[in-house]
Every structure is written in C-alpha cells, then in structure tokens.
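Colleague: Could you walk me through this one? I have a few quick questions.

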Amino acid sequence: MSDTLLLLPDQATARIPKVNYLTKENGILSWLLTGDHKRIAMLYLVSITFFFFIGGAMAGLIRLELLTPQADLMATDTYNKVFTMHGVIMIFLFLVPSVPATLGNFLIPIMLGAKDLALPKINLLSWYLYVAGGCLVLYTMMSGGVDTGWTFTTPLSTHYLNTNVLSTGIAVFIAGFSSIFTGLNFIVTIHKMRAPGMTWFRMPLFVWSHYAASILMVLGTPVLAIAIVLVALERTIGIGVFDPTKGGDPLLFQHLFWFYSHPAVYIMILPGMGVISEVISTFSRKRVFGYTAVAFSSVAIAVFGFFVWEHHMFIMGVSNYSTLVFSLLTMLVAVPSAIKIFNWTFTLYKGSITFETPMLYAFGFMGLFTIGGLTGVFLGTTGTDIHLTETYFIVAHFHFVMVGGMLMAFLSGIHFWWPKMTGRMYPEKISQLAALITFIGFNLTFFPQFILGTLGMPRRYAAYPPEFQILNVFSTAGASVLGVGYLLPILYLVWSLKYGAIAGNNPWQATGLEWQIQSPPLTENFVETPIMDHEAYDYEWLEKQTAKEVSSVG
Amino acid sequence: MSHISPILWQFLIKWLTNFQLYPPEASTIAPQSDALYFFMVLVSMIGLTIVILLITSFSILYRRERNPVATQIEGSTLLEATWTIIPLGLFLIMFVWGSLLYFRIYTPPANAMNIYVVGKQWMWKAEHPGGQHEINSLHIPTGRPVQLTIISQDVFHSFSIPAFRVKREAIPGRYTTVWFEATTVGTYHLFCTQYCGTNHSAMIGDIVVQTPDDFKKWLAESTSGMSLAQNGERLFASLSCNACHNGRPDSRGPSLANVYGSKLALAGGGTATADEAYLRESILNPSQHVTQGYAPIMPTYQGQVSEDGVISLVEYIKNLNSNYRVEQTLNTTDLLPEGEGGAAKAPAAAAAPATKAPGGGGMVKP
C-alpha cells in the first residue's frame, strides 16, 4: 500500500449509503425541479458532456478537412460553418460552464460548510437557460448553420452573411445569463454562507479561484450581451453603431467583444487552476506552497484580466501608444500565472507523492499550461504579435491553454471528485492509460500548429498551400489519438457507476470538508453544521481526526 | 521501411528535406523580428525545462515509497519573490524589445513609396500611384521602403506577408498603413488572415519582389496609361467637385491646392490635419468636416464613389499644387525608365479620356 494513497473500505462489507442526494427522491420530475446544487451539477455534467462531444465531432471534421491542402471534404462554406459551430459550442456551451457549473456547483457549498448555494432556484434557472441556449444552438446547426466564426466580427456578421446569425446570437445571449446567474450565486454564497470558523483564508483555493472567476462572469458577460444585442439590432433594423457608412465604427465591436472575451478566457481557466491546487495538495499530502500568494494571484488575474483586451487588436490600426499600455498590462497578467505554476511545483517539494489519475492530469496541466502561457507572451509582445497573430500560432496557443490547460484540469477534477459524486471509484489502470493517451495525442495535435503558425499559415483556412501539408497530417493524426483519449473516460466512468469499487467517505485521505462527509453526500450535505477550526490543507488535523475515529470504533 | 505507405513515406522524405521552422527572411524587419522571436523561444525553453526538471526530480525524490511522510511547509517569501521578479523582469525586457519593433514596423519612413491596397471579398487590389493595378499580387522593388495604405471595401480583411513578418488589418471605413523594405528577390505568400466569409482561404496572392531594374520594367509594361492622380482629376471633374472647389476667391468651397498636410481650422471649432484619412472622410462625410468660413452645403458622396475612386481623388488632391493642375510629381515617376517619366506619360494621359468611358474608373455605376 505504500505506493498509493487509496484508502478504500473493505469491499466485502461496504455499501453505498442508502440515503443520499441521488436516492432521496426518484423520478424525472425530482431531477427537473430540484433545487439541490449537487443534482443541478449532475444535470450540468450530462449536458456539457453532450455538447462537448458535438463540439469534438466538429473538431474531427475540421482536422479531416485539413488532411489535404485542397478543400475537398466539404465546401468552404460548410467548413466555415463547422469551425464556427466548434468554437461556439466549445466556448459558450463547454468551457465557460465546464468546471464552475459542474464541480463548482457540487463542491462550493460543501467546501464552505453550507447546505446549498444561496439561491437554489436561480441555480436551477441558470441550468434551464443553459439548456435553452444549447437547444437554440442545435436548432441553428440543423437549420443551416452559421458561418460568422465564434467572434461574430462586424460588418461580416451584420451585413454580409445570410446564415442564422440571429439565432446564434440569441443562444449566446441566453447562455450568457446562465453564466451570470452562476457567478452571482457563487459570490453571494461565498460571502454569506460560510460555516462558523470558515474565514476567507481558511477557504480552499478552489473556492478562491471560483470567486475570482465569478467576478469576471458577473462584470464581463453583460458587455458581451450588449455587443450581441447591438449586432442583432444592426442586422435587423440597420442602426449604425458599427457600420462605417452610417458613421459607426467597426472597431467598436472589437472593443466590446474582447472586453468580455478576454476576461472569458480567465473565466474558463481560473476554476481549472482551483482544481489543480486541490489535486496537487492531496496527492503530495502537503499544504499548498504559499497559500496566500496562490489565492491573491487568482484575484490579480481577475483584476488585470479586465484591462488587457486590446492585445487582440494590435494589428487593427489602434493607436500605437495605446498598445504600449495594453502590452505592458498583458505582461503583468502573465506574472500571477507564473507564480501559480511555481507554487504548485514547490508544493511537491518534500511531499509524499503518489500518481493516481487526477495527479497525472494535473501534471499534464502544468506542462501544457506553461507552454500555453509562455506562448501567450509571444502574442502579448506587440512586435512579434504582428507576425504571429491570426495564424495557427494563435490556434495552438489557445488550445494549449484551453484544452491542454482547462480540459486537463476538468478531467483531473472529474476523476478526483468522481468517488464523492457517485460513491464509486473509477478503474485506476485504464484511466491512467487514458491520461497518457490524452497527453500524447494533445501534443501531437497542437505542437505542429505552433510551427505552422510561425511559417505563416493563417487560421480558418479550408484550403492551404501544399508546403504546410505534412505538419497538418501530424496534427490530424494527433487528433485521432486525442479522440480515443476522450472517449475512454466516458466509457469507463459510465461503467464505474455500476461496477466501480465502493469509495467510502475519503478514499484520497484529503483534508477538504467535502471528504469528511459520506459519499455520495446527503441532500443537506451535513448532519450538523460543521465548525471550521483549522486551515485548509491541514494534514496534521486530518491525521488526528482519523486516529480518533479508529480508536472510537475499536 | 517498405511497409510504410508510399504516400506517407514520400511526405516524410519531403518534409525532412524541406524542414523549416520559420519562413524566409525577405525584408529588413524580418531578421529583427526573428531575433526577438528566438529570444522568447529560448526563454520559454529554459522556463519549461526548469518546471519539468523540478516536477520530475520532486516526483522521484519525494514519491511515497521514498518519503512516506510529507514535511509541511508554509511557503517561502524569498523563493516566491524570486519567481515573481525574474519572470517579471524577463517579460518587461520582451515588452520593451517588442514595442520598439512594433513602432518600427508601423512607422513608415518619410521617403517610402506609397501603394494603395483595397481588400474586398475575396481579392486584393493594389494600386500603384503610376496607375498600375494588380489583383492578388503585389510587385515591389528591393532596397526601397514601401508603404501600403490599406482599406477594405466591405468586411475586415488582413494583409499578411509572413516572409516580411508584417501584417495589417484592412478595415472598412479607415486607412491603415504598414511598411517594409524587401531585401531578397523572389515570390512570397500573401494571405488574408482575418476571416472574411466563404472564400477566405482563396484570398491569397503573391508578393513579387524584383530588382529595381526589373521593377522599372514591370512598371512600364503594366501602366494603364493614366496615373491615379490623373484618374482622380477626371473624377473630380465628372463628379462636379470643381463647381465649388475651383480655387477662385469667390468659390463656395475652400481651395484644395496645397491642402494636403496643412492644418485646417474647422467650423465647429478645433483643428485637423488634412491627411489621407481626413480627405477621405470629408468626401464621404462632409458635414462633419466643414472648414471655417464655409457653409455646410457639400452633399455626401457616400455610395457614389468606390474606395478605388476615393483613393484616386485623394491622390489627386495630394498632388494639387496650384491652379488645379496635376504636376508630374508622382513618387514612382522617377522609377520609370529614362525618358518615359514625364514626357511620355503626358500624351497618354491626354489621350485616355477619349478612349475610356467618361467619368473614369472609380465611380459607382447606378
């Protein structure tokens, strides 16, 4: 047992607790009308997984088309619709809600020692809004699609396309409200629902990073909503906000859109960073190195993240002097990310490390996010941005951060908390293999794209000059490996729902409050309100706790 | 190796023999851009190696078998300060270096020869001041700074030349500029890098870099018989601009001679410098740009002149010195072969109005 952390109850006698949030009520209505944050989290998990696989199928089509230099698999219009759908689905329906709406929803109240989120009905409403937005996207896709790109660039989206721009816009608008409500709920809960003794600096870093992301959601998303409404109005009744022939300014749209969409990448990555903090600490059995620095770096990312949007527009004829400000701020926002990486690394120092699947994904995150973050500096530096922007370099950078970073973190978190959410363990060996396959497939897919971008291959091209083919072949080959890496978890996780080993309360011997209660938890989480008398990641407290239990049972 | 598919095998051989990490360096700015790029690659590789080395060695040294009990450590202000300040310092170096490069790329030298570029779905049209037009290609000489004044007629496009390491967005309704000085003769890729609809990936072309002599030859062979300014002169007449802007003391519009580059006092108060963007705006949106002392009576020409037409008008007004006559001061004239510069072009220009449709290129047909 020395090489693994796993502490499972005796499988011969262990049972899943009879009363838990999954069995409390039965029937489809008990799910659709639930106010329980854990059930809503599961609803979200199912729906975002559904959209992830649709978005993933789109990615597969894109990579297949790019296997050859000619546009021979589909017409260029179809290709444009496919990459637009890939972007819209993956960003608004997967990445933005991924960790917060599933793991965050499930865990934040428990981590704070609360029974539920502050506004359970708003929480359910936010899921319905998400589903409504998702259905509209599906409708858009089936009724002919949309080819604006996920960035809705005007005047292309307002005057030049006759595809379903409106329904997509409305879908994103609605899904945006879902995100605003989730953020609002988290902020209120974190301020108001903490258990006695749960001071701000005793909160797990997972909560801190969600707090920072929530602020971004609440302040940023309305600006996206405004931008989309203006696009819709310009498209339908022809007001001239962005149209230069009516005295409008097309760059204004870029400002509004990126004012949301840059913070949006932090909305996507911050919750993932929270997951990594928990996982690294648990599997090295050591408190997070420099807790305060990691907590404040989340907040710093949220604050600086609002003032860097113009780095998406360095080549768009903005004032040369304003690029100085935005480039400098971009450099500053890179620093907290570097701090986090080093703090996680030094959490390993003098730890007692084991390598279960969540930890493998977390290692993957640290490596890939480092590459993603450093290549972001190439783009934040104005001089090199001119050559690299709008090429595959940016595609590779973004996917290193979002897929290599966020998706790895999401999978890490799903494996880590799977025993808590379902009461059963996932199969360890095959999931370690899946983590490895994902890592290899990912690098094979996206690393060649850095070289492609440096060579100048533009993004969003259905056809490309033949000298770029070999790197594209590597990339497509990698994508098929990656596809296997993502299919495996869904298969064995579903399998584990019935056949997985019984997990018990605390299989990882982790310190979080969520691990001190039964798995799966009761609907009201705690039998009695917990009192927080120790700091987060206090393994000595946990040891005393375990010793007491053993002696009292014996 | 015979069991590898021959097609794949061929690919691999081809790739290994033509392996490239960066595009050809064909402009003066390219080596400078690459220097910064490789500096950042170096820093990134060192940073990544440090992170990977630390993770790997900690994973080996402190794995559970070797170190069953963890030692709890709060943190270390000194260490944390180290990994805050060192990255910050490196990022600041990149910021300063990158900004210097950025200002260099986007600040054209005064002696640059200007070429207009209009982007439209889905082609690039380049207009040389001598009247040479090209679609999806751009001929330029080596050893001479070239400034592009770029505008889009419809949606956002982006004019990208990877071999020169320059790129500039083509924006509807405003001029943007970029410059470069080509160093190596050859043909290079021109890409539209901003997604612009159906045939975005077909909006590509060739940048043809020639020796100055070849370029002169090309200019002479490709002339349309009328310079941009001359085309502008005819547009100026056919749109009846000269009814008001005729330079007489009692005219209803201000005189446009020598207006380019001057500081104007505006009717609403304030001043403006009459650059290309200002000239363009006052043709399309005149009520916002009334010169002091004149009534706001000029109608808009929005929808009546294409972007090409506006460019011709702007070129004409730029070259108006006095008496409303275009003088042969076009900045590519001196590149033309001897003898053809001034004298040979004048008769061609005079003959042109007779052969071409009245009104000249650039008017929007109703």
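**Chain B, helix and sheet**

Modeller: Helix α2 of chain B, residues 29-61, has 33 residues and reaches 48 Å from first C-alpha to last, close to the 48 Å expected at 1.5 Å a residue. The expected span is 1.5 Å times one less than the number of residues. Helices (H or I, at least four residues) and strands (E, at least two) are DSSP runs, numbered from the N terminus.

Colleague: Numbering and caveats?

Modeller: This is a predicted model: local features need pLDDT of at least 70, side-chain atom pairs count only at pLDDT 80 or more, and totals for chains, interfaces and linings use all residues. Residues are numbered from 1 along each chain as its sequence is written, with chains lettered from A and ligands numbered from 1 in the order in which they are written.

Colleague: Which residues of α2(B) are buried?

Modeller: Among them are Ile29(B), Leu36(B), Met40(B) and Phe58(B). Buried means 20 or more other C-beta atoms within 10 Å of the residue's own, with C-beta atoms placed from the backbone.

Colleague: What do the buried residues of α2(B) pack against?

Modeller: They pack against α11, α12 and α13 of chain A, together with α3, β7 and β8 of chain B. Contact is C-beta atoms, placed from the backbone, within 7 Å.

Colleague: Now the sheet. What is the strand order?

Modeller: In chain B the open sheet runs β3-β2-β1-β5-β8, with mixed pairing. Strands pair if DSSP finds at least two bridges between them. β3 and β8 of chain B each have a single partner strand, so one side of each lacks a neighbour in the sheet.

Colleague: How many bridges join β1 to β5 in chain B?

Modeller: Seven, and the two strands run parallel. Ile115(B) stands opposite Leu148(B) in β5(B).

Terms used
A residue is buried if 20 or more other C-beta atoms lie within 10 Å of its own, exposed if 12 or fewer, and partly exposed in between; C-beta atoms are placed from the backbone. Two residues are in contact if their C-beta atoms, placed from the backbone, lie within 7 Å.
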